[in-house]
Amino acid sequence: MAARWAEALLKLQTVDLRIRELETRLALLPKEMGTLKDKRDAAVAEVAAAANAAKKIELDRRHVESEIEKLNAENKKLQQQSSMVKKNTEYQAMLGTIALNEKKIGDLESRVLELMDEFEEAKKAYRKLKQNNEAAVNAIRAEFDELVAFAGDLKKEIAQLKAERPADVCGVDNETLARYNRLLAGKDGVPPLVKVENEICGSCHLRVTRQAMTNMQKGAVTSCENCMHFIYLDDAE
Ligand SMILES: [Zn+2]
């Protein structure tokens, strides 16, 4: 057993360090959740992009088909007009335009077939991506739900520890408590109260003074003169 004051302070410190650990873990969760949301959004956007790509091919095909219709209509009109034309040059010019349009129609019809193939490919790619990404999104959602549950557990434990803390504070005198709180808030992350082993301070790792050793052996509240952390001896020492 350590000295009575050290026992009381150790009990409090165990609670405070656990609270700190839980709060640190809790603070990391929003970023982890944000990463999951980003992943989900990316997966959803990828599927939407694939759907749009297929839609665009379909629109291109319709556009080409309307071009073909226009050319066919023009040729029909030219054929009707040509029967009424008297001048041979004019007649030849009309036949020339009709032949040119027919060539264009032939090219556009090939383009329609190409676009139909492209559309089938795009549709296949879209379906595959949709299936894969839906599975990914479901996995992400499950992971997200786990984090939400974990955050709830952490908050619950923190609240419980904080509710129990006043009872542990009771065993520590006010002056010691004030200094302890300052050390706890310090940025070094080292617990305020550390054990001395082989006369070495557990915080700064320097040899404690003879005076400090004597104080500890008497059971008095003692600090390391170098790093100012509270120090105590275990009876086993
Ligand atoms: Zn020290």
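Modeller: Gladly! This is a predicted model. Let's begin with strand E1 (residues 193-197), which runs antiparallel to E2 and is joined to it by two bridges.

Biologist: What makes E1 and E2 a pair?

Modeller: Pairing needs at least two bridges, and two join E1 to E2, so they count as paired. Valine 196 stands opposite cysteine 201 in E2. Three strands make up the open sheet, in the order E2-E1-E3, with mixed pairing.

Biologist: Why are E2 and E3 called edge strands?

Modeller: Strand E2 (200-201) and strand E3 (230-232) each pair on one side only.

Biologist: Which atoms hold the zinc ion, and why is its site called tetrahedral?

Modeller: The protein donors are Cys201 (SG), Cys204 (SG), Cys224 (SG) and Cys227 (SG), lying 2.3 Å from the zinc ion. Four donors count as tetrahedral if all angles lie between 85 and 135 degrees; here the angles are 105 to 118 degrees, and the site is tetrahedral.

Biologist: What does the pair of cysteine 201 and cysteine 224 tie together?

Modeller: Cysteine 201 lies in strand E2 and cysteine 224 in the loop between helix H4 (210-218) and E3, so the pair ties together parts that are 23 residues apart in sequence.

Biologist: Are those two cysteines buried or exposed?

Modeller: Buried means under 20% relative accessible area, and both cysteine 201 and cysteine 224 are buried.

Biologist: How do you know that the length of helix H2 (residues 88-169) agrees with what its residues should span?

Modeller: At 1.5 Å a residue, its 82 residues should span 122 Å, and the end C-alpha atoms are 114 Å apart, which agrees. Helix H2 also has a kink of about 30 degrees at alanine 163, shortly before proline 166.

How values were computed
Residues are numbered from 1 along each chain as its sequence is written. This is a predicted model: local features need pLDDT of at least 70, side-chain atom pairs count only at pLDDT 80 or more; totals for chains, interfaces and linings use all residues. Side-chain values use heavy atoms; hydrogens and water are left out. Helices (H or I, at least four residues) and strands (E, at least two) are DSSP runs, numbered from the N terminus. The expected span of a helix is 1.5 Å times one less than its number of residues. The bend at a residue is the angle between axes fitted to the seven residues ending there and the seven starting there. Donors are N, O and S atoms within 2.8 Å of the metal (3.2 Å for Na, K and Ca); water is not among the atoms, so sites may look incomplete. Four donors count as tetrahedral if all angles lie between 85 and 135 degrees; four count as square planar and six as octahedral if opposite donors are over 155 degrees apart and all others between 65 and 115; anything else is irregular. Buried means under 20% relative accessible area, exposed over 50%, partly exposed in between (1.4 Å probe, protein chains only).
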